Structures are given as structure tokens and as C-alpha cells.
Amino acid sequence: MNRIITHAIMPSMIAAMTCAISSCSGTQQISYPEAPKDTTVVDNYFGINVADPYRPLENDTAAATLKWVEEENAVTEAYLSRIPFRDSIRKRLTQLNNYKKSGLPSKEKDGKYYFYENDGLKNQSVLYRSETVDGPAEVFLDPNELSEDGTVALTGVYFSGDGKYAAYTVSRNGSDWSEIYVMDTRTKELLPDHIEWAKFTDASWAGDGFYYSAYPRPEAGKEFSNANENHQIYYHKLGDTAPDRLVYEDPAHPLHFHTAWVPDTEDYLFVFGGGEGTGESLMYKSLKSPSAGWTVIESSQNYNINPVDVVDGKLYFTTTKDAANRRLIEVDLNRPGQKEWKTLVAEDSTAVLEGAQMAGKDKMLLTYLKDAVNHLEVVSRADGSKLSEIKLPSLGTVRTVSDKNDDEVFYAFTSFTYPTAIYSYDIKTGESKFLKSPEIEDINLDDYVTEQVFYTSKDGTKVPMFLTYKKGLEKNGKNPVYLYGYGGFNVPLPPGFSANRLLWLENGGIYAQANLRGGSEYGEKWHEAGTKQNKLNVFNDFISAAEYMIDQNWTSPDYLTIEGGSNGGLLVGATVNMRPDLFKVAIPRVGVMDMMRYHLFTIGWNWASDYGTSADSKEMAEYLLNYSPVHTIKNDGTPYPAILVTTADHDDRVVPAHSFKYAAALQAADTGDAPKLIRIDSKAGHGGGKPISKVIDEYTDLYSFIFYNLGITPDKK
């Protein structure tokens, strides 16, 4: 398989690399490995010549790249191994993560309740089932048994209409590639049905089989880097050894995604299209008539369309079409034209309609996002009128499970100092019942507080931010701050709990989470204000968040750390290049760092709706070039913060070449003596499904690097 093999680092290699590092007191002088380089590589974008000397690092299986990866990891490990409190951080993180975690229960087609649970330090959560919601449970599927090191993740389970079978998807080593297996729910025996090279898929059952999405089998050796094209929908019939039936493809648009959905009545097949705009197209056909053609509900991909259900021949869905904050639509599938759309719940100008679900025979649950926190309402399915609001414990985030055939609703609530708690709700009586929440030993969460502040960005826009810290913390300008952001792809950052974050908080740190433009906190307008040639708004929002923390005397640049992953890695890289003076430490994780070529790898082309591409126009190419992290690193002696880049060998979302080229360019530039290191994980991907052992390893290294470069020794527990 195509992967970068990070060989075990031998003690002799560590010793050799350590010799290149001066005393751990104060700044370390590091001798970085020489990266593969080709100074003749120059690309031309509408007359703009752009050098790309580290192009050889895009070949992640080349011998020279593999050698560089090994050497970089050795340098990073040598640096981290000299930090005296690294082991105590690992021990404390292990303690903090060792608590029982429970997921939302759902009642499936076999009448049993299914839920995920982790008794503490299992690499992957186990799927259990029980006859009653609070009765004794048995293991239904344990993904920890699928690999010795926990690197096989269970990514989805889909039950057949009669409840006899369950198709489930797994991911190996963090890759986006999926395999589909099928098991008998009564006996838990695995059927011979097995599908490889599926991607961005579920399993939508109809009759004695299911629909799924896949790409053509990739070229050997390029499974994790080549562009993905021609996403297709297939139907797999249980027990059939013949090739699966191709149901839908669109060769005229090879960069589109296609997702199948069959409502539980199994009357219709819906196909959603994506990849071109910011939303989804939608069409459907009858499954009762073999000759039925496709009927289009929305042809463009300019609007979000999220299905709820089909009831009595009527489709319910939420959409941003003519409603930037989303509205709830009911449409008769016999008359699906947009003139026939019935607005059941109109757009709310002050809150974003995040989701909707059927709840009992005549009600629906609506989840709203207002100022980046959730609210939960019950409405009438007949006319959309509000019936009640489910009161939540505090400012936080809620997830729900409900069904039109059941009055029993389940919801999970979490916040920064509130581990995920599970509740049931009776849709008839309106009563909530607490079911369970975890207990974390050796820490009192009541000692910490969260507040929401609003600061002013460069252009005058008010931006919300959450601050979590220990009660009684003084504004003395010396508090360590961990500032996190994302700012893209309509992704909001609501409150959420992290056991790993507790280590930061108990050592006097402030966790700051900024709700930057580019997300969905205030609907599609907020999203669009952080896209394409508005992207600088996102970086300015992040810089203004840091300036706010300094101006309010919470901290100073000597105590400020910034972190972000994926699009947030781009955020960190671009922001550091713009304002290196503001930060002491920066952690860009699995980031999009080469904005001129990102669209040429795996599914990078799908991000064009947020970024634009260097092929769009001269103006767009210039805009991207002016903030692309790889291309805008200063090389004039300007001191940069200490930087730890992270990536992984199986990241086929944001390929590791981004981080490789960025780290190589950083290490070659004149940016002062603070360390510029890269941590390249093995048997890992973009982050999804990562085993807890690897999560603890990663946060051990991140916190060790951060505290050490802030000059802080964390308390031992």
C-alpha cells in the first residue's frame, strides 16, 4: 500500500540528532535535515512566475522523501525527548482520558437499543445493544478486535429495513477510503459480502441490498495522493458475487460527489450531488417502477439541502435557498416544482436552523444555533408552529435521536466544562429525564468557568469568542492562552468538552475559541464573508482575537499559543506569516499550506467553493499567492514563534505534501532561532477515527512543546 513508512527511530539515531541540538535551557539550535529540492521548478499563473523548489516532496513514496521523513521525525523526537516533563504530561493525559464515555442510544429496526461506549482507554468505542434503554447490554461490534493497534475505525452502521442485517463501514489508518462489511444482527456472524474502495459513503438499504458510493479502484502506489474523480453509486445485492450494479454516474462532471438516500418506506431513491458549489443538488426516482426516470428538485449546488424524511409522499428538508439561515420545507413528491414548496418553518433572522428531525407521529425537533450555542425546539409537523422548547443545562451543544414512529427522544448535551450527558425526552408529556453522564476523577469541573465575549475585528465586525479558565484567574498579562480557530466551509465551533484540554486549564491556562467568519455561526452570509476573496477576513478575525486577549490584559505575546487543524492549519500558517510578533507558539495541524496547488490532490478540488483556485483568474491567483503559507514565509530575520507542524502518512484529505513543503520552507528561511519542527504520524490520517493511544501520544507532544516554549513547567499529578 502507498504509505510513508516512518521507521522506528533507533537510539543511535536519536543520539546523533541530539548532538545537533544545544542545551535545553533557553533556545535550542537545531540542525535540520536537508529536504529534497529542485530549484528549476517554476509555475506560471497568468503571467505570474511562482517557484516551487520543494516539489519533490509531493512524491510521498520517493526514496528521498522517505529518508527526509525519517530524519525529520528523528530531529523532532530528539527535541521532545529532552523535555523533562514530557512523561508526566503523558501520565496526566492518560489519567484524564480514563473515564467512561457513552453515546446516544437509538432504537433500530430490530427493536433493540444500540449505543457506543468506551470504558476509559479503549482505542475505539464499542457498539453495544440492549433490550431496554437502561437494561443489560451486550457487545454488538467491537472495532478494537479489527486491529491490534486500534487503527481500524468503525465509521458507520446501517440497518436493513427488517432489522435482520447491518452493513458497516470501516476506515484503516485514518484514510478516507472505506470498506463495507455485512453482518447478521441476530447471530452477529459476518456475511461474505465485502466492498472495497468505497469513499464518502453510507449504506442505504432497499429490498435485499443497499446503495453505496465509490470511486474507481485507484492506481497502485497512488491510493492516497492522486485526485479522486468519477464518484459513482452502486447497488449491492446480498450474496451476489456478480459485479455490483451501477446505478448512477455523471461522467460530464467527474469532480461531483454522489450520495444515495432511501427513506424507510423504500419507495424512492434520492441522489444528492456535491463538489461544485457550497451546497447540494437533489433528484429522485421511484423504486416501485423500474422504468421511472429522474425528477429534479434542485439542479444547482448553490444551496444546502438536508433531508429530514418522507411521510405520506411528502419530502421534508431544510435549505438555504432563499433563506441564508435556513428554512424547513414540505413538498409533495407528486408536485415537486419549487413553486409548490411549502415553507413549514420560516427563516429566523437571529438564529440558524442547524437541523430537523421527526419526533413522534405529529411533531418535529428543530436544532438552532444562536450566537454559536444550541437551542432545541419542538414544533408541529402539520403547520410548523412552535409547541415548546427543551431547556438545556447551560450554553452548549446538543445532538438528538428521534423517530416518527416513537415518542421517545434522546439528546446529548455537552459544553467546555460539561462532559457529554445523555437525556431522554417524552414528546407527549414534554418531560426530560437524565440518563447518565461521566465522572472524571481527580478534577473538579466546578472550579472552571466559561464566558462568551464579543470582540471587534479589523473591519468593525463583531466576532464571538468563548473563554474557559479557572475561577479567580487574574488579568495580569501573563496567563498562558491557547487560541483555537477554524473559519471555513460552513463549519461552526460551538462549545464542546475535551479531556485533553483539562490539562491546560488545570495549569492556569485559558482556552479561547473564536467563532471566525467562514463558519456557519450566523448562517450563509457569515460563511461567505470568509470565502474566496474574503478569506483575509478570517485571518484578521483570528489576529483580532489575539489582540483582544492582549488588550484586555488576559495575556501577552510571550504567553500566546495558536492552534488549528486542516483549514485551521491554513489559518495558523497564514496568520503567523502576517503577524509573527503576536504569538509565542504556533501549532498548524494537517493544514492546507500550498494554496496554488491544493486542488490537484485527492479531493482538494472540492475546496474551490471556499478558496477559489489559482486556475480561476489572475486576480484569484494573486490573492491566493498573497496568503499561501508556503509562499509567504518571511526570510529576513523576522523572529517567528516556535512552530510544531503535524501531519500523517495516511492523510488522503489534506495530503502530507502540504505540511512537508511548509516545514521545509520554514526550516530553510531566516526566521530566528525558535524551533520549527514537524511531527509526522504513521498509520494515521486526517484525524477521524484516531485511536485514543495515538491521541494521547499527539497531545503529549503538543503540550510538551507548548509549555516548554512558554517557559512553563506544568504541575505534576
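Is Thr400 buried or exposed? Thr400 counts as buried, at 13% relative accessibility; buried means under 20% relative accessible area, exposed over 50%, and partly exposed in between, with a 1.4 Å probe and protein chains only.

Before I go on, the basis. This is a predicted model, where local features need pLDDT of at least 70 and side-chain atom pairs count only at pLDDT 80 or more, while totals for chains, interfaces and linings use all residues. Residues are numbered from 1 along each chain as its sequence is written, and side-chain values use heavy atoms, with hydrogens and water left out.

Back to Thr400. Thr400 sits in strand β28, residues 397–403; strands are DSSP runs of E, at least two residues, helices are runs of H or I, at least four, and both are numbered from the N terminus. Its side chain makes a polar contact with the side chain of Gln357, at 2.9 Å. A polar contact is a pair of N or O atoms within 3.5 Å; within protein, one must be able to donate a hydrogen and the other to accept it, and residues adjacent in sequence count only if both atoms are side-chain atoms. Leaving out residues up to four places away in sequence, Thr400 touches Leu104, Gln357, Leu365, Leu376, Phe410 and Tyr411, where contact means heavy atoms within 4.5 Å.

Next, helix α7. It runs over residues 567–578, and its 12 residues reach 17 Å from first C-alpha to last, close to the expected 16 Å; the expected span is 1.5 Å times one less than the number of residues. Of the 12 residues, 11 are buried, among them Leu570, Leu571 and Val572. The cover over these buried residues includes α6 (536–551), β36 (560–565), β37 (585–589), α8, β38 (642–648) and α10 (657–668).

Now two backbone angles. Most residues other than glycine have a negative phi. Which values do Phe200 and Asp371 have? Phe200 has a positive phi of about 50 degrees, and phi of Asp371 is near 50 degrees, also positive. Phe200 is in the loop between β11 (190–199) and β12 (204–206), and is partly exposed, with a relative accessible area of 25%. Asp371 lies in the loop between β25 (363–370) and β26 (373–380), and counts as partly exposed at 27%.
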